[in-house]
Amino acid sequence: MPAILTSDMIKKSDIIMLGLNAGVLGSLVGGLMLALGLSLVAQGAHIGWLLLLPAAPVGGLLGWWLGRRAARPLD
């Protein structure tokens with residue numbers, strides 16, 4: 001069995017900070033896109049759908065990007 005080096009392992013504090021960063025950043029960006037798109041659609045501007053529909057996936061992609069960035073030192 002290969003030896004596990006503790007210096008290469010992700011710490012619990014890294015996971016907690018990743019969760020906080022991904023949650024806050026995803027919520028802010030996704031929520032802002034959702035609010036702006038919904039207000040535009042409610043006013044009759046169909047261009048608001050371009051902000052409204054991708055709001056949740058964009059928030060999720062930010063979390064995925066932050067996770068990849070946190071795991072980069074392990075490579």
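In which helix does Leu 20 lie? Leu 20 belongs to helix H1, which covers residues 12-42. The model shown is predicted, so local features are described where pLDDT is at least 70 and side-chain atom pairs where pLDDT is 80 or more, whereas totals for chains, interfaces and linings use all residues. Residues are numbered from 1 along each chain as its sequence is written, and side-chain values use heavy atoms, with hydrogens and water left out.

**View 1. The chain contains three helices and zero strands.** Along the sequence the pattern reads α-α-α, where helices (H or I, at least four residues) and strands (E, at least two) are DSSP runs numbered from the N terminus. Of the 75 residues, 13% count as buried, a term that stands for under 20% relative accessible area, with exposed meaning over 50% and partly exposed in between (1.4 Å probe, protein chains only). Among contacts (heavy atoms within 4.5 Å) between residues at least 6 apart in sequence, 48% join residues at least 24 apart.

**View 2. Ile 16, Met 17 and Leu 20 form a nonpolar patch on the surface.** Together these residues have about 290 Å² of accessible area, by the Shrake-Rupley method with a 1.4 Å probe, in which only the protein chains shown count as cover for residues. Leu 20 itself is partly exposed, with a relative accessible area of 48%.

**View 3. Helix H1 has the buried residues Ala 22, Gly 26, Gly 30, Met 33 and Gly 37.** What covers these residues includes helix H2 (49-52) and helix H3 (55-71). The end C-alpha atoms of H1 are 44 Å apart, which agrees with the 45 Å that its 31 residues should span at 1.5 Å a residue, the expected span being 1.5 Å times one less than the number of residues. H1 is followed by Gly 44, whose phi is positive, near 95°.

**View 4. The buried residues of helix H3 are Ala 55, Gly 59 and Leu 66.** They cover an arc of only 40° around the axis, and are therefore on the same side of H3; the arc is that of the directions from the helix axis to the C-beta atoms. An α-helix has 3.6 residues a turn, so residues three or four places apart point the same way. The buried residues of H3 pack against H1 and H2, while Ala 56, Leu 61, Trp 64 and Arg 68 are exposed on the other side of H3.

How values were computed:
Patches are made of residues with over 30% relative accessible area and no salt bridge: like charges are joined within 9 Å, nonpolar side chains (Val, Leu, Ile, Met, Phe, Trp, Tyr) within 5 Å. A salt bridge is a side-chain nitrogen of Lys or Arg within 4 Å of a carboxyl oxygen of Asp or Glu.
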